[in-house]
Structure formats: C-alpha cells, structure tokens
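Good morning, colleagues. Please look at the sequence and the structure on the screen while I go through a few local features.

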Amino acid sequence: MAGRDGDVGALSTSLSEQEREAIYESINQLCNPATREAALLELSKKRESVSNLAPLLWHSFGVVAALLQEIMIVYPFINPPTLNAQQSNRVCNSLALLQCIASHPETRTSFLAAHIPLYLYGFLHTQSKARPFEYLRLTSLGVVGALVKTDEPDVINFLLTTEIIPLCLRIMENGSELSKTVSTFILQKILLDETGLSYICQTYERFSHVAMILGKMVLSLAKPKDQSPRLLKHVVRCYLRLSDNPRAREALRQCLPDQLKDQTFAGILKEDNSTRRWLQQLMKNLQDSSGGLLMSADRM
C-alpha cells in the first residue's frame, strides 16, 4: 500500500488532501494489471510536480515489480521489431517513473544496488528507426542520463561494469539527433569522472573507438543540414576532457578532425561562448612539444 502522512515517502503537505488521495490511489492501481495503464499515464504526468513521488513509489509494495514487469512484457516485441505506438507509450510511462526514482537522492542508491538499469539495455540495443523504437531508446537513455547528472562516483563505477559505453557509442553514430545528444552527454559525464576517464584511456581499443565515433560525429555536424549547436557542445567537451589524459592528448594531436581546427563551425561558435572557450582550451592542450598550436581557435 502507498504511504500516508508520517510514513516513509509520505506526500508533501503542499498538495491538497484530494490530490494526495488521488496519487495514493494511482500508486495502488499500479499493482492491478487492469488499472495499471491509466495509473502509469497519470503518475508519469505528475513525476516532476510531486517532489517526493520517488520514495513513495520505491517503498510501496509491489510497485517496482510492476514497473519492471511492464518493461519485460515488451521484450518479445523487440526482436523482430514489432513494437507498436501504444506499447511504446505504455512502457515509456513506466520508464519515466523509473527515471523519477533514479533522479531522487533518497532512492538512487537502492535503484543502482538493484541493478535496475540493466533491464533497459535491451532497448538500447535496438536499431529500428521506427518512432516507437526511437521513443523507447530516448526514454531509456533519459534514465541513465538522470543517473549521471548527479556526478556521483558510485554511479560511474556501476556504469563502467556494464556495456553502457559501447551502447552509447552506437547510438551516437546511428541515432536521431536527440538520442545522439543524450548519449554524448552520458559519455561526457563518464569522462568527467576521473575513474571514467582512466577507464576509457586505459587501452588503445577503448580510446580509439571513442575517438573514431567522435570524429564521425564532427564530420556529420560539418554538413549544414546536420549542424546542431547542442550536440557540438557535448562533442567538444568530450574532446577537451580526453585531452586531460597524457596518452589521449598525444593521440588527439594526430587524429583531431580538421573541421575543429578551421572555420567550419565559426557560425555556431560565434553564438556559443562556452563551446568556443572549450575549443580554445582544447587547442591549447594540444600544443606540441615545441609549443606550437595545431590551429588557433581565437579567431573563431
């Protein structure tokens, strides 16, 4: 049963009694397959406006099991790819509630300890371009993105034991612009952690795979129809962070795309001061042993 005032995860008193009772009722309805779909939709709409919804979901008997059941029930429709829009919307509402749990400081550690992100990786493996699958991938990435946004070492340590990096790299290469952006943000957050940077730069194979995908993204972003300031920002930040590692810095002197050294992105950089500063710092980091720059970014 869902909690009441004074219980673990009780709802904020800023809500009216009627609103609290409606949320409690929706949570209880999650455990009934007959009422679950409507309850998922209702609660997913409230996940950002109800600050302590996550603890209430986590501590309510049967709720997390019901959310995981919603995920597993669509596995047979992943391969072959037959997932329809209604199925995708329903499971994405479940994923939205899991993202709520992943985002909350009171439930995030337990969420990781239960290895719940692993249930989502099957969705990240999908490659169908159909909208139901793209929505599914994007919402799954949102759960991981909510975890890394906290900048907690435990989150990165957990993710490094999983296949999240190759999954993100594949989506960065082949996904939609929005999925590429979230995937690159996840990679950026992993790189910004010292353990994450060391992990990626530990072997040539790991570094070269990351560098290859980032290079392909730069080439794609150089096309006028594909330019995305937000995506470029994350790509440049990834390169800048890689340049903090001595071995990666040496390799980047040889493989950094020319498009980052010339005027290809001058229009975007003119409007984005932070990306321009990061690119300037990247060029400074990549000075050769004689002190010469690969190419100055000051005039960009």
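**Leu159 and its surroundings**

Leaving aside residues up to four places away in sequence, Leu159 touches Tyr121, Val144, Val148 and Ile164, where contact means heavy atoms within 4.5 Å. Please note that this is a predicted model, in which local features need pLDDT of at least 70, side-chain atom pairs count only at pLDDT 80 or more, and totals for chains, interfaces and linings use all residues. Residues are numbered from 1 along each chain as its sequence is written, and side-chain values use heavy atoms, with hydrogens and water left out.

Leu159 belongs to helix α9, residues 153-160; helices are DSSP runs of H or I with at least four residues, numbered from the N terminus. With a relative accessible area of 1%, Leu159 is buried, the class for values under 20%, while exposed means over 50% and partly exposed lies in between, with a 1.4 Å probe and protein chains only. Leu118 is 41 residues from Leu159 in sequence, and their C-alpha atoms are 9.6 Å apart.

Let us turn to Arg90. This residue, Arg90, sits in helix α5, residues 85-103. Is Arg90 buried or partly exposed? Its relative accessibility is 23%, so Arg90 counts as partly exposed. Not counting residues up to four places away in sequence, Arg90 touches Pro33, Arg36, Glu37, Leu40 and Glu70. Glu37 is 53 residues from Arg90 in sequence, yet the two are 6.6 Å apart from C-alpha to C-alpha. Their side chains are joined by a polar contact of 3.4 Å; the term denotes a pair of N or O atoms within 3.5 Å, of which, within protein, one must be able to donate a hydrogen and the other to accept it, and residues adjacent in sequence count only if both atoms are side-chain atoms.

I close with a helix pair. Helix α1, residues 17-29, packs against helix α2, residues 36-46, at an angle of about 135°, with axes 8 Å apart. Axes are lines fitted to C-alpha atoms over the stretch in contact, and angles run from 0 to 180 degrees between N-to-C directions. The angle makes α1 oblique to α2, since angles under 35 degrees count as roughly parallel, over 145 as roughly antiparallel, 65 to 115 as roughly perpendicular and the rest as oblique. On the α1 side, Ile23, Ser26, Ile27 and Gln29 meet Arg36, Ala39, Glu42, Leu43 and Lys46 of α2.

Terms used. Helices (H or I, at least four residues) and strands (E, at least two) are DSSP runs, numbered from the N terminus.
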